[in-house]
Amino acid sequence: MSDATLTALPKTEQPHPGAPDNWKRFFTFSTDHKVIGIQYIVTAFFFFLIGGLLAMVMRGELITPAADLVDRTVYNGLFTMHGTIMLFMWTFPFLNGLANYLVPLMIGARDMAFPKLNAVAFWMVPVFGVILMASFLVPGGPSQSGWWAYPPVSLQNPTGNLINGQLLWLVAVALSGISSILGAVNIVTTIVRMRALGLGWFRMPVFVWAVMSAQIIQLFGLPALTAGAVMLLFDLAVGTSFFNPAGGGDPVLYQHFFWFYSHPAVYVIILPIFGVFSEVFPVHARKPLFGYPFVAVSSLVITGLSGVVWVHHMFASGTPDWMRMLFMFSTMLISVPTGVKVFAWVATVWGGKIQLTTPMLFALGGLVMFLFAGVTGIMLASAPFDIHVNNTYFVVGHFHYVIYGAAVMGAYAAIYHWFPKMTGHMYYEGLGKLHFALTFIGANLNFFPMHPLGLQGMPRRVASYDPEFAFWNVIASIGGFILGLSTLPFILNILSSWVQGKKAPNNPWRAIGLEWLVSSPPPHENFAEIPVVVSGPYGYGSNEPLVELAESKAAE
């Protein structure tokens, strides 16, 4: 940070009245965006551990060709709940938490636009989490139809009970959709209406651009998924036939409802992670973000293109050839704005004074794994190749390189980068680097073997398989166990640092951004006085001030 910027710091000495320093506040109906943000993040990580445990049981089953650890119906329930928890209970709530915590700070606001609505949206998360987990206790167990719940499989009800695992799954997903829509309205309104004076669109951090772009997708895509879930619920519970072929319904119509949102949902996840990369790389490479305006706008371009890609998930569903060609082209086109971001990150890091801190290591690791996922993604966008590997482990490998390799690695980068700001304490660097090493090795050992397995023809969603697939499955399972083990140093690091870690300065990374101008942790309502932004967010190496105090501006 330049000296000029330092002189413009608001008066934010600790302790500040109302600062969220009492742990009991995290268990209350708080309207403080920072408390809600941490509530989201901790809740999401709790479910991340549950989803991870389910995955380890699955890898334990797949370490041998025979189904000798769990029953096949139990295995079906495991992969259904693993996918559902990881998407609806981990990634979306975590990213909502990150956005809740950071966006008001980054734009110079005191809180979100609708604080009470914000709290309501969060408290729906544990409610639908409990509903989802309760499905393990009902007769017949949890849903077995996968996280996509295609009919007519999802319309089967062998127990005949009204309350069954599939019904609870649908109720939970519908509530998740409503919660996310409320959150999206709040975040977009906050960004559009509550930016500090002088914070024009092209002075906003890329993270804010990325969050806004992702939430726009939520607003146009989630109503389709929620409507599809409710209609499927009616089919299952009261016997309507929207999607039931036995009653004249069309199951392919459900696929359109589902994928119209659920492919863009990948961008809802990955765009904020792109934002995290764009914040971490300049700080830890000590260079301005290369091509900032293009990186910012590329998020909106991805948002626009995400609305015309869903049919590539249905290339094998009897899709007409003209639709295959159209959606193959639109899916490949989205690699252009994505490539702009990747090029900008590489150019930012190139020649920089790189500090291999834990957040930088996770960001670099996530970028490498995302590049691999991007290559396989272009392969899957091609209709002939997609049909060739349809329903094989190649698709599972690609998906996990995106969701775990890029998104989870990016999530860890975000936690380590903003942990000092959130808690007022520094994490232990040695434990952080051990966590990174185990995660990177475990993730690649786990997910890379899925690609050769898919090319050899191993189908996904099976508890047993031909012995010729055993070698790569053993490697993948070893990687899965290492990945599970990797969370232990993370948990130890976070808990011990939060309780007794070294006191963090307000700006340990010497970063530029409004969130670093306040104390660690930030006081209630964030700013003693709202700053006036006078320059862009990535001026590393320049002596331009970032802000002026409002009272100084008024005195001129």
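Here, buried means under 20% relative accessible area, exposed means over 50%, and partly exposed sits in between, using a 1.4 Å probe on protein chains only. This is a predicted model, where local features need pLDDT of at least 70, side-chain atom pairs count only at pLDDT 80 or more, and totals for chains, interfaces and linings use all residues. Residues are numbered from 1 along each chain as its sequence is written, and side-chain values use heavy atoms, with hydrogens and water left out.

**View 1. Helix α9 and its cover.** Helices are DSSP runs (H or I, at least four residues), as are strands (E, at least two), numbered from the N terminus. Helix α9 covers residues 292–306, and its buried residues are Y292, V295, A296, S298, S299, I302, T303, L305 and S306. The expected span of a helix is 1.5 Å times one less than its number of residues.

**View 2. S154 in its loop.** S154 is in the loop between α4 (115–134) and α5 (165–193). Because its relative accessibility is 1%, S154 counts as buried. A polar atom of the S154 side chain lies 2.9 Å from the backbone oxygen of A149. Setting aside neighbours within four places in sequence, S154 is in contact with S145, A149, Q166, L232 and L236.

**View 3. G228 on helix α6.** G228 is placed in helix α6, and its 1% relative accessibility is why G228 counts as buried. Leaving out residues up to four places away in sequence, G228 touches F243, Y254 and F257. For a sense of scale, G228 and G432 are 204 residues apart in sequence and 42 Å apart in space, C-alpha to C-alpha.

**View 4. The nonpolar cores.** A nonpolar core is a set of buried Ala, Val, Leu, Ile, Met, Phe, Trp, Tyr and Cys residues joined through side-chain atoms within 4.5 Å. The largest has 171 residues, and W90, F94, I270 and Y412 have the most contacts inside it. Helix α3 (residues 72–107) gives the most to this core, with 21 residues. Not counting residues up to four places away in sequence, F94 touches I41, A44, A411 and I415. A second, separate core of 5 residues includes L380, F385, F394 and V395.

Notes:
A polar contact is a pair of N or O atoms within 3.5 Å; within protein, one must be able to donate a hydrogen and the other to accept it, and residues adjacent in sequence count only if both atoms are side-chain atoms. Contact means heavy atoms within 4.5 Å.
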